[in-house]
Every structure is written in C-alpha cells, then in structure tokens.
Amino acid sequence: MFFTSLRRELAGRRRQTAIVAIGMALAIALVIIVNSVASGVRDAQASVLQSVYGVGTDLTVSQEPTPPTEGEAGAGPGRFEFGADDGTVSEDSTSVSQSRLTAGFGSTTFDASALETVTGIDGVAAASAALSLTNLTFSGEMPQFAARDQGPPPAEGGDTAQQPPTGGFDGAGGSAFDVDSFTVLGIDPGAAAVGPLSSVELAEGRGLEASDAGQAVAVLDASYATSADLAVGDTIDVGGTEFEVVGTVSSTSADAATASNVYLPLDLAQSLSGLDGQVSDIYVQAESSDGIAAVQADLEEALPDASVSTQADLAASVSGSLSTASTLISNLGLWLSLAVLVAAFLIAILFTIQGVTRRTREFGTLKAIGWSNGRVVGQVAGESLVQGLIGGAAGLVLGLAGIWVINLIAPTLGGSATTGAVPGGAVTAGGGGGGPTAAGPFGDRLADAAGATTEVVLNAPVTISVVAIAIGLAVLGGLLAGAIGGWRASRLRPAEALRSVA
Amino acid sequence: MYTLEHVSKTYSQSKRRVTALQDVTLSIPSGQLVAIQGPTGGGKSTLLQMLGALDRPTTGRLTLGDAELSHLPDRKLGGIRAREIGFVFQGFNLIPTLTAQENVETALAPLGVPAEDRRRRAVDALASVGLADRAAHMPGELSGGQQQRVAIARALVKEPDVLLADEPTGNLDEETRDEIMDLLEGLWRDRGLTLVIVTHDSAVARRAERRLHIKLGIVTER
Ligand SMILES: Nc1ncnc2c1ncn2[C@@H]1O[C@H](COP(=O)(O)OP(=O)(O)OP(=O)(O)O)[C@@H](O)[C@H]1O
Ligand SMILES: [Mg+2]
C-alpha cells in the first residue's frame with residue numbers, strides 16, 4: 001500500500017517531483033564538484049609542498065630572520081668587490097665576471113649542531129639539514145673611467161657627452177651588466193630519504209651519493225638545466241668554483257619544478273658561501289602522523305630560536321594561482337553551494353507543504369477511515385525522501401559529469417612555496433647578512449629564483465565521501481521536507497474530511 | 001449500540017462561540033437505519049462526527065458498545081474507526097491517484113491485512129457494489145454514482161458494525177440516488193449494519209426506520 005500510494009502520488013504530480021528533484025540535483029552536484037575540486041586543490045598544494053620539502057617531510061625547522069644589525073651590513077659575503085686587477089682590460093673598458101654564493105632570500109642560517117638536537121628528540125624518525133643559497137653571477141663591462149677623466153671636461157650645453165649617462169645599472173655610460181641568479185641547495189648527499197630530493201625523479205645521470213661529500217659535483221633541476229643549456233658532463237660555475245653536473249632531476253608531480261635549481265653537497269655549499277657549519281633548514285620526518293604535534297612542541301622547546309612548521313602551516317605559504325583557487329573554492333564555492341543547497345531544500349519543503357495542503361481532504365479521509373498519524377506522516381515523508389533520492393541520484397550523475405569535465409580540461413595551477421620560508425615569509429628581508437636586498441631592479445628576479453614556482457595539474461578526485469555526501473544530502477533534504485510536511489499532515493483533524501467538501 | 005447522554009459540542013472561533021450540538025440525549029440500537037435531517041448549519045455533520053469518533057463532544061458522554069468515544073485518546077479513536085466504523089461522504093473522497101481497487105484496499109491497510117488477502121477482499125467488495133469490472137479504473141474515469149459505489153465498497157470492505165453516510169446522494173441525480181439508496185438499504189439489511197444517513201432529501205429519509213431532526217443543535221424525533 002505504502003509503495004503503491006507513493007509511486008502513484010509521485011507519478012501523479014510529475015512536474016512538482018521533477019522541480020524538486022532538479023533543485024536537489026543541482027545543489028548536490030554543486031556540492032560534489034566544489035568538494036572534489038577543493039580536495040583536488042589540497043592535493044595540488046600537497047604536491048607543491050612535496051616538491052619543495054620532499055615526501056615524508058612532516059616538519060621543517062628554520063630560523064626566524066633577524067633584522068640586520070647595524071655594522072653588520074656590508075660584512076656579509078654577498079658584496080661584489082672588483083679590484084683593479086679583476087677582469088680583462090681592453091682599450092677603454094674592463095670586462096668582469098664574478099659569481100657569489102650567498103644565503104638564500106628569506107632564510108636565515110643557524111648552526112648545524114641543531115640537526116643533532118633534532119635527531120635526539122623522541123618521535124623523530126629521520127632528519128636532514130640543508131643550506132639554501134642563491135648564486136649571483138655578475139658579468140659585464142665597465143668603461144675605463146680613467147680614460148674619460150683625461151678628456152676635456154664636458155662643456156655645459158655641449159653637443160655629445162652631456163646627456164645624463166644611460167646604460168648600466170651603475171648609471172655610468174657605456175657599461176653593460178648582466179646579473180644571472182639561480183638557487184642553490186646544499187644537501188647532505190647521504191641522506192636521500194628525507195628532504196627535498198626525496199620527491200624527485202632522476203631525469204639523467206645520477207643523484208648525489210654519500211661519497212660525493214667534498215666533491216665538486218652538482219645535480220641540476222631538469223627544467224633549469226634545459227633553460228641554462230646545461231647537460232650531464234658540463235660544468236657550472238657556483239660561487240667561483242667549477243662543479244661537474246652529474247645528474248638532473250625532475251619533480252614527480254607533472255609539470256612541477258623541484259625545490260632548487262642546483263643541488264650541491266652540503267659541505268662545499270657551506271665553505272663556498274662562507275657559512276661553515278651553518279644550515280638554513282632541517283627536514284624532519286616524524287615516526288607517526290599522530291606524533292607530529294608532540295614532535296613540533298618538543299622541537300620548539302629544544303630550539304627556542306627556531307621556527308618549526310608542519311605541513312599544515314606550510315600549506316599556508318603556498319602562493320600563486322593555487323592559493324587563489326584554494327581561496328576561491330573555500331569561500332565562493334562553499335557559500336555558493338550552501339546557498340543553492342538551502343534554496344533546493346526550501347523548494348522541496350515548500351512543495352511538500354503545498355502538496356499536503358492540497359491533499360487536506362485526502363489525508364483527512366484516510367485518517368477518518370482509520371489511518372494512524374504515523375502512517376500518514378510516513379507516507380508524506382516517504383514521498384519526500386524518494387523525491388530527494390531521485391534528486392540525489394541525478395545530482396550524483398551530474399556532479400560526476402562535472403568532475404569528469406574538470407578532469408578533462410585539467411586546468412593547470414601554479415603555486416610557489418618559498419623555500420625555507422617562515423610563514424609570513426620574509427622574501428624582502430633579504431637575509432640579514434648585508435647581501436643585496438630584494439628591492440630594486442633585481443627584486444623580481446631574485447624573488448623568482450628564491451621561490452620554486454610549481455605548476456600542478458588540477459585533478460578533482462572522486463572519493464567515497466563524495467558519494468556519501470550526495471546520498472547524505474539527498475536523505476537530509478528529503479527527510480527535512482518530509483518532516484515538515486509530515487508535521488503539517490499530522491496536525492490535520494480527521495473531521496476536515498467531512499468539512500471540506502469539494 | 002450508541003448511547004448519547006447530554007452531549008454538547010461548541011466550536012470557539014476567536015471570540016465567537018458556536019454551539020453545534022446542545023444537550024443531546026438519545027440511543028441508537030445496533031442494526032437500526034436512522035436518517036438525520038434538518039436545516040443547513042443545524043448540526044447534522046457535527047453529530048455524525050461524534051458518532052464516527054472523528055471528534056469528541058465538549059461535554060457529555062457518548063459510547064459505542066463498550067467504548068466510551070467521548071473520553072478515549074486520539075490513537076484509540078483511530079483504531080475504532082479503522083475496525084468498526086465505515087464512512088461514506090457527499091464528495092466520495094476517493095484518493096484520485098489510486099485505482100478503485102487500491103482505494104478500497106486503503107481501508108484494510110491500518111488493519112494489517114496481508115497484501116494478497118487485501119486484494120481478494122477488495123475485489124469481492126467491488127463485486128458486491130456491482131463494480132467488479134472497474135477495479136483497475138481511476139476515480140476520474142468513473143461516474144459520480146460509480147465513485148460513490150467504490151466509496152461504499154471501501155467503507156464496507158472491513159466489515160464494520162456501523163456505516164455513517166453524510167449526504168451520500170447529495171451530488172447525484174435522482175436515478176443514481178435511488179440506485180445508491182437501494183444498494184445501501186440492501187447492504188444494511190444483509191449485514192445487520194447500524195446505518196446512519198444525513199440527508200436533505202425526504203425521499204431518502206422516508207426509507208429510514210427512524211428519523212431525527214436537528215435544528216440549532218437540538219435533536220428531535222420525527
Ligand atoms: N470546525 C468548526 N469550527 C467552527 N464552527 C463550526 C465547525 N464545524 C461546524 N461549525 C458550526 O457548527 C454549526 C453546525 O455545523 P454542521 O456542519 O454540523 O451543520 P450541518 O447541519 O451539517 O450543515 P449542512 O447541511 O450545511 O452540512 C454551524 O453553525 C457551523 O458553522
Ligand atoms: Mg453537513
């Protein structure tokens with residue numbers, strides 16, 4: 001009886017059934033898509049982080065950048081110093097080329113002994129230290145000022161040399177400089193399990209091995225190698241020393257760049273940058289994911305000056321279109337799907353109430369011939385529930401179709417996580433050591449070099465929870481409308497059957 | 001057997017109070033055919049609702065057999081309606097989305113009759129009102145008289161003790177009216193029903209054993 005009545009009723013008012021089901025379907029499809037894209041964006045964020053911090057890195061330890069103290073400025077290793085003997089002197093200009101290895105932007109170095117402190121903490125499975133650096137190669141030609149000084153002083157309003165000097169950054173006419181920078185990461189060549197190289201794929205050659213300590217060998221990011229026109233077997237000038245390129249690596253996530261352009265053995269990176277015994281980041285793997293919070297607390301206690309970040313903290317440091325997408329999804333997507341969901345529920349509720357009102361005489365008659373309130377309410381609720389489920393099924397199909405389309409388009413999102421950055425990361429802090437600051441004409445290029453921009457293809461996954469959400473919402477919407485409609489029906493007096501004669 | 005002792009019913013609508021039944025005392029023995037007549041608004045339907053356990057009197061005592069309808073909770077009254085009382089309405093009140101047979105079956109649903117039994121009894125009931133061949137028709141496909149026959153089959157399929165009819169022929173032409181009255185009278189005689197019919201129509205009332213008249217809530221015998 002229940003099913004017969006239900007089927008007949010829903011078939012009898014196909015239009016209302018369709019409207020309610022379509023409303024529910026749209027809302028549920030939207031929720032499914034937003035949910036799936038949101039988890040796709042989370043995955044993308046995770047893969048960006050992975051390419052920077054490596055697989056299995058649960059925590060990173062770095063140092064808060066301290067503002068440069070007075071007198072310290074200029075004392076760092078970053079200053080280019082061209083002596084009279086540098087470069088080759090031609091007739092009227094000096095050609096110079098010099099490369100400097102300096103602390104990476106946004107990172108501050110600290111004593112490598114911290115690594116032992118970290119490994120000594122309970123719950124730490126593995127840890128490795130790295131030193132994030134930037135190599136600046138400065139090459140160009142400087143005019144011979146002496147030669148010019150010997151000439152006649154330019155007359156005011158004269159014809160040739162009176163224009164303000166144009167050309168190089170120094171403002172001296174006739175000079176041409178090129179500044180080339182790339183990021184360098186000194187890593188412990190023996191510890192591949194944790195750290196930035198744990199998430200890369202060997203593209204060519206070999207990776208760094210324990211025996212490479214102290215050897216002038218380098219591994220390059222594959223895309224950097226391509227753009228710099230370098231291959232295995234070539235040499236690269238880092239901090240004035242020629243390194244042999246022994247391998248190239250690429251990210252395991254498609255289209256993603258790895259954490260750094262160049263990877264060197266840690267000890268050489270330290271000595272070339274003048275940062276002996278210093279590191280900028282420690283990558284920590286916890287023994288269990290439950291223990292991360294405890295390990296974080298212990299690390300913070302053991303290293304009071306350091307800043308300890310979890311993957312979750314680091315996710316906040318992911319920027320670029322990825323973070324835009326993430327914000328868009330979590331704000332607009334959430335509210336939009338919520339609004340549509342509420343609208344669909346309201347439609348379902350209003351139609352159910354309207355249906356009960358229209359069927360006053362019908363329900364009154366059923367009550368008059370002995371149907372209990374429960375039976376009448378069950379009928380109304382059953383109808384709404386089935387309506388909701390029809391909507392849910394349609395919504396699931398629609399939502400899956402939407403996800404399929406998104407995965408077909410496979411939009412690419414770019415995200416950059418500043419290496420070794422403290423959240424709120426001080427890219428412009430310029431590493432307190434008196435090196436070039438990121439302001440000025442170099443700023444953009446340097447900032448680009450410091451943060452690895454990673455391109456990730458958005459993949460919206462279909463999970464059990466997505467299906468569960470669809471069914472759950474359909475049931476919820478159906479029951480909500482059914483409960484309200486049923487409540488109305490339960491309040492009908494059976495005497496109404498006799499009262500409202502058509 | 002109905003007994004009514006000083007039964008009154010007042011409806012309060014905001015400030016206005018309407019006394020639909022005023023101190024009614026009477027009894028209806030089992031198996032009697034009673035007609036209730038009176039001017040519109042006199043209280044006929046109200047009395048029928050009291051007899052049908054659809055509503056309780058404001059004051060007074062009303063019993064059907066052992067059951068004190070005036071003081072039972074809603075749930076119990078529902079059970080009594082399901083088992084013992086059949087209703088026939090002026091507007092037929094069939095469920096428009098169900099076939100004739102399914103409409104008849106709705107009366108058996110609250111009694112927990114198994115589906116197979118329900119079907120058989122519904123078909124039998126339809127046959128007894130002369131509609132064996134219309135079981136699969138929707139109410140909209142039936143004439144007024146046929147619809148009222150389906151409603152009578154629905155009222156009688158559970159084999160109640162009492163059949164209450166509020167203007168059962170009010171929407172029918174004279175010829176159909178007589179057919180329906182013949183049917184009701186035949187069923188009443190065959191099954192020993194207590195049959196109470198509210199009617200404006202003297203031709204209908206003349207067939208009753210006993211005629212009551214209600215005016216301004218006061219019941220008088222004719
Ligand atoms: N639910 C209600 N609320 C308020 N007043 C009511 C209600 N039901 C009935 N009444 C009033 O009680 C009085 C008796 O109504 P009732 O329906 O019993 O009359 P009736 O004799 O059946 O009339 P008719 O011949 O028109 O069907 C009327 O004045 C009516 O307005
Ligand atoms: Mg009436």
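Predicted model: local features only at pLDDT ≥ 70, side-chain atom pairs only at ≥ 80, totals over all residues.
Begin by selecting R177(B), which is buried, with a relative accessible area of 12%.

**First stop: R177(B) and its partner**

The side chains of R177(B) and D201(B) meet in a salt bridge, with N and O 2.7 Å apart. This pair links distant parts of the chain: R177(B) belongs to helix α6 (residues 174–191) of chain B, while D201(B) sits in the loop between β8 (194–198) and α7 (202–205) of chain B, 24 residues apart. D201(B) counts as partly exposed, at 22% relative accessibility.

**Second stop: E105(B) and R118(B)**

Next, select E105(B) and R118(B), whose side chains form a salt bridge (3.2 Å, N to O). E105(B) lies in helix α3 (residues 100–105) of chain B and R118(B) in helix α4 (residues 115–128) of chain B, so the pair ties together parts that are 13 residues apart in sequence. Both residues may be coloured by accessibility: E105(B) is buried at 7%, and R118(B) is buried at 11%.

Move to R359(A) and E9(A). Their salt bridge has its closest N and O atoms 3.5 Å apart. Because R359(A) lies in the loop between α9 (321–358) and α10 (360–368) of chain A and E9(A) in helix α1 (residues 2–12) of chain A, the pair ties together parts that are 350 residues apart in sequence. R359(A) is buried, with a relative accessible area of 5%, and E9(A) is buried as well, at 3% relative accessibility.

Over all chains, the whole structure contains 27 salt bridges.

**Last stop: ligand 1**

Finally, centre the view on ligand 1, which lies between chains A and B. Which residues come nearest to ligand 1? Of the 14 around it, these are R499(A), T40(B), K44(B), S45(B) and T46(B).

Show the contacts one by one. An N or O atom in the side chain of K44(B) is 2.7 Å from an oxygen atom of the ligand. Backbone N or O atoms also approach ligand oxygen atoms, at 2.8 Å for G41(B) and at 3.2 Å for G42(B). The protein covers 72% of the 630 Å² of accessible area that ligand 1 has on its own.

To view the shell by element, select β1 (2–13), β2 (16–28) and α1 (44–51) of chain B, each of which supplies at least two residues. The largest share, three residues, comes from α1(B). By class, the shell has four nonpolar, eight polar and two charged residues.

Methods. Residues numbered from 1 in each chain as written. Chains lettered and ligands numbered in written order. Heavy atoms only, no water. Salt bridge = Lys/Arg side-chain N within 4 Å of Asp/Glu carboxyl O. Helix = DSSP H or I, 4+ residues; strand = E, 2+ residues; numbered from the N terminus. Buried < 20%, exposed > 50% of the residue type's maximum accessible area, 1.4 Å probe, protein only. Near = heavy atom within 4 Å. Polar contact = N/O pair within 3.5 Å; in protein donor to acceptor, adjacent residues only side chain to side chain. Areas by Shrake-Rupley, 256 points an atom, 1.4 Å probe, with all protein chains shown as cover. Nonpolar A, V, L, I, M, F, W, Y, C, P; charged D, E, K, R; others polar.
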